[in-house]
Amino acid sequence: MINSQKYVLSGLLISILLVGCSGTKLLEHDQKFFTGAQFNFSGELTASQRDDLALALEELIQPTPNDKFLGSRPAVWLHQVTKKPKKDKGFKHWVKYKIGKRPVLQRDFEAKLITNRVQNYLRNVGYFWVNVQPKIEQKKHEAKYVIDIELGPQ
C-alpha cells in the first residue's frame, strides 16, 4: 500500500513539473509557437492518395515544429531557462544546446516560400491545375499553417 502511494505521489509531482515546463510563460506577448501545417485537399482523390500527398508535403515544411510531451515543450523550456554558457563545452552548454531546443516561432516560418514549394511539388508529380490557399490559424500561444489545396486531374 505504501509503495503504491509513493508511485502515485511521484507521478503527480512529475506531471506538475511537466505542466510548468511549457515554455509559453517565457514568450513575448507577440510571439507564438509554430505547430506545423495542416493540408485540406479537395478534388477527386482517394484516401490513400490524400495520405501520401500529405506525408510528402509535410516534409517540405521548414522549420520543423518543436516536439510536445504531455502537452508541454520541456526541451524548449530548458533552452529558455538556461543562461547562455561562457564556454562552448561543459554541463550548461550541454543542457542548453543538446537537451534543450530553440523555440520554433511563427515568425521563423515563411508562408510564401512554403506555398511555392507545395505548388512546385504538386506540379512535379503531375497536378498541373492546382489552387493553393494558405491561411494561419492562431491560438493564444500557438499558430498553425492551414493550406487548402484544390487539385485538378493528374
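The dialogue below walks through a predicted model, from its overall layout to single residues.

User: Before we start, how should I read the numbering and the confidence limits?

Analyst: Residues are numbered from 1 along each chain as its sequence is written, and side-chain values use heavy atoms, with hydrogens and water left out. Because the model is predicted, local features need pLDDT of at least 70 and side-chain atom pairs count only at pLDDT 80 or more, whereas totals for chains, interfaces and linings use all residues.

User: How many helices and strands does the protein have, and in what order do the elements run?

Analyst: Helices (H or I, at least four residues) and strands (E, at least two) are DSSP runs, numbered from the N terminus. Here there are five helices and three strands, and from the N terminus on they follow the order α-β-α-α-α-α-β-β.

User: How do I read the crossing of helix 2 and helix 5?

Analyst: Axes are lines fitted to C-alpha atoms, for helices over the stretch in contact, and angles run from 0 to 180 degrees between N-to-C directions. Angles under 35 degrees count as roughly parallel, over 145 as roughly antiparallel, 65 to 115 as roughly perpendicular and the rest as oblique. The axes of helix 2 (residues 47–58) and helix 5 (residues 111–124) come within 10 Å and cross at roughly 135°, and the two helices are therefore oblique to each other.

User: Which residues meet there?

Analyst: With contact meaning heavy atoms within 4.5 Å, Leu53, Ala56 and Leu57 of helix 2 meet Val118, Tyr121 and Leu122 of helix 5.

User: What is a nonpolar core, and which residues touch the most other members here?

Analyst: In soluble globular proteins, nonpolar side chains tend to be buried together. A nonpolar core is a set of buried Ala, Val, Leu, Ile, Met, Phe, Trp, Tyr and Cys residues joined through side-chain atoms within 4.5 Å, where buried means under 20% relative accessible area (1.4 Å probe, protein chains only). The largest such core has 20 residues, of which Phe39, Phe41, Val118, Leu122, Ile147, Ile149 and Leu151 touch the most other members. Leaving aside neighbours within four places in sequence, Val118 is in contact with Phe39, Leu57, Leu60, Val132, Ile147 and Ile149.

User: Is histidine 93 buried or exposed?

Analyst: Histidine 93, which lies in helix 4 (residues 91–99), is buried, with a relative accessible area of 18%.

User: What does glutamine 106 touch?

Analyst: Glutamine 106, in the loop between helix 4 and helix 5, touches Lys32, Phe33, Phe34, Ile136, Gln138 and Ala143, not counting residues up to four places away in sequence.

Note on methods
Buried means under 20% relative accessible area, exposed over 50%, partly exposed in between (1.4 Å probe, protein chains only).
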